[in-house]
Amino acid sequence: MTRLIECKYGDMHIGVAPELGGALAWLRWRGHNILRPLDPRGAQRANMCGSYPLIPWSNRIADGRFVFDDQPYQVTRNVPDNPHALHGCGWQQAWEVVSVSETQIDLALTCPASDRWPWAWRASQRFSLTENDLSVSLTYHNLADHAVPAGLGFHPFFADAASSEVAFHAAHVWLNDNNSLPDEEVAVPPAWDYTRFKTPLPGSVDNCFTGWRGEAIVRWPQRGIRATLHSNTPNLVFFIPGDGRDVVAMEPVSHINDAINRFPAGSNVQAMDRIAPGGELSLSMTIRMSDDGTTPRTL
C-alpha cells in the first residue's frame, strides 16, 4: 500500500505520496474531493494522483531531443507508446520527507546527471495549509557548474468534471500539430473561450494557453462550492480527457510545451528559464476553497 503523509487543518485535508513522485494523492475540503483521489486499488503512479510536480520541465520535449548551447542532448522517453519525453522526471522518482507539521509538509529530491536529465539538480517541494487554502511551492536548484535550462509546472486534476463549471481568461493559445506539439499561437477561439463559466467538454482540448491572468476557477453548483487556483505564471495547460476519467486538468507551467526546441532558454515568458550555477527557479500554486453562490462572472 502506498505510504501517505496526511495534514488536516480547518476544512482542508491533504494526503501526500512521497514515493509516488512527491504527488498530492488527494485534496478534500469539508469532506468533498476537490482533486481526483488516488484509488488505493488502482495503479499506484503519480499521474493517477490528484496533482503531481512537473520538474525539470513541463509537458513535452519532442522525441526527447533538444540542443542547448550548441550541444545536442537526448533524454529518456519516459511514457510507454509515447514518442516524446513527458512532464520531466521528478514525478517518476521517490522523494524524501524533510519535515511534517500540523500545517506543512516539506519534500526533497536530489538527482545526479543521467539519461533522464543531463545535469545534476535538486528539488524542494512544500505543501502548506490554512483553514481554506492549499499552497504548493516547487523549486529547482541547479547543482551543475554551468548554466542549464529548467522549467516547472503543476498538474492538478479537478474531480467531478461533468458536474463542474470552469472559468479562466487567457489571451492566446498554441494550436498543436499531428504530433501533439505546438505549431501556431492564435487568439483563443470561441470553443475554448472560458471567460464565462461553462461545463468542460470531454476530449475537447489539450493545449497551452498564454497570456493567462494567473487565476482559474472550478465550481460545482450542485455542491455549492468552488476552488480558485492562483499561480505566478502567464502559461496554463488546459486538458480535458475524453476517456471517461471525469476530470479537468488546469496546469500552471513556467513555459509552453516543447519550449526548449522553440525558444532559447531565458529569452521570454514562454521559454524555459536559464539557471546559473547554484541558481534556483521556483513556481507556486494556491487552491483556495470557498462557498459558491453561482453568481455569473466574467474573468
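This report covers the sheets, ring contacts and selected residues of a predicted model.

Local features need pLDDT of at least 70, side-chain atom pairs count only at pLDDT 80 or more, and totals for chains, interfaces and linings use all residues. Residues are numbered from 1 along each chain as its sequence is written, and side-chain values use heavy atoms, with hydrogens and water left out.

**Sheets**

Strands here are DSSP runs of E with at least two residues, numbered from the N terminus. Two strands pair if DSSP finds at least two bridges between them. Strands of a sheet pair through backbone hydrogen bonds, either parallel or antiparallel.

Ser-135 has Thr-286 in β26 as its bridge partner.

Another open sheet has 4 strands, in the order β1-β2-β3-β4, again with antiparallel pairing. β1 and β4 (32–33) have a single partner strand each, so one side of each is left without a neighbour in the sheet. β3 (residues 23–29) pairs with β4 over 2 bridges. There, Arg-28 stands opposite Asn-33 in β4.

Strand β23 is mostly covered: 5 of its 5 residues are buried. Buried means under 20% relative accessible area, exposed means over 50%, and partly exposed lies in between (1.4 Å probe, protein chains only). In a regular strand the side chains alternate between the two faces of the sheet. In β23, Asn-235, Val-237 and Phe-239 are buried on one side, and Leu-236 and Phe-238 are buried on the other. β23 has antiparallel links to β20 and β24, as the table shows.

| Strands | Bridges | Partner residues |
|---|---|---|
| β20 and β23 | 4 bridges | Asn-207 and Phe-238 |

**Rings**

The structure holds 15 aromatic pairs. Rings of Phe, Tyr and Trp (its six-membered ring) pair if their centres lie within 6.5 Å; planes under 30 degrees apart count as stacked, over 60 as edge-to-face and the rest as tilted. Phe-168 and Tyr-194 form a stacked pair, 6.0 Å centre to centre with 10 degrees between the planes. Phe-168 lies in strand β17 (residues 165–168) and Tyr-194 in the loop between β19 (182–187) and β20 (206–210), so the pair ties together parts that are 26 residues apart in sequence. Both residues are buried. Elsewhere, ring pairs link Trp-57, Phe-66, Phe-68, Tyr-73, Trp-117 and Trp-119 into a cluster.

Two arginines sit over rings. The charged end of Arg-28 is 4.0 Å from the ring centre of Trp-26. Arg-219 lies over the face of Phe-197, at 3.8 Å from the ring centre. A charge sits over a ring if NZ of Lys or CZ of Arg is within 6 Å of the ring centre and within 35 degrees of the ring normal.

**Selected residues**

Thr-2 lies in the segment before β1 (5–9). Its side chain makes a polar contact with the side chain of Gln-44, at 2.5 Å. A polar contact is a pair of N or O atoms within 3.5 Å; within protein, one must be able to donate a hydrogen and the other to accept it, and residues adjacent in sequence count only if both atoms are side-chain atoms.

Ile-256 is in the loop between β24 (248–253) and β25 (273–275). Ile-256 is buried, with a relative accessible area of 0%. Its contacts (heavy atoms within 4.5 Å) include Trp-174, Cys-208 and Phe-263.

A cis peptide bond joins Ile-55 and Pro-56, with omega about 10 degrees. Pro-56 lies in the loop between β5 (53–54) and β6 (60–61).

Asp-69 has a positive phi, near 50 degrees. Asp-69 sits in the loop between β7 (65–68) and β8 (71–74) and is partly exposed at 48% relative accessible area. Asp-246 has phi near 55 degrees. Asp-246 is in the loop between β23 (235–239) and β24, and counts as partly exposed at 34%.

Key
Lists of a residue's contacts leave out its neighbours within four places in sequence.
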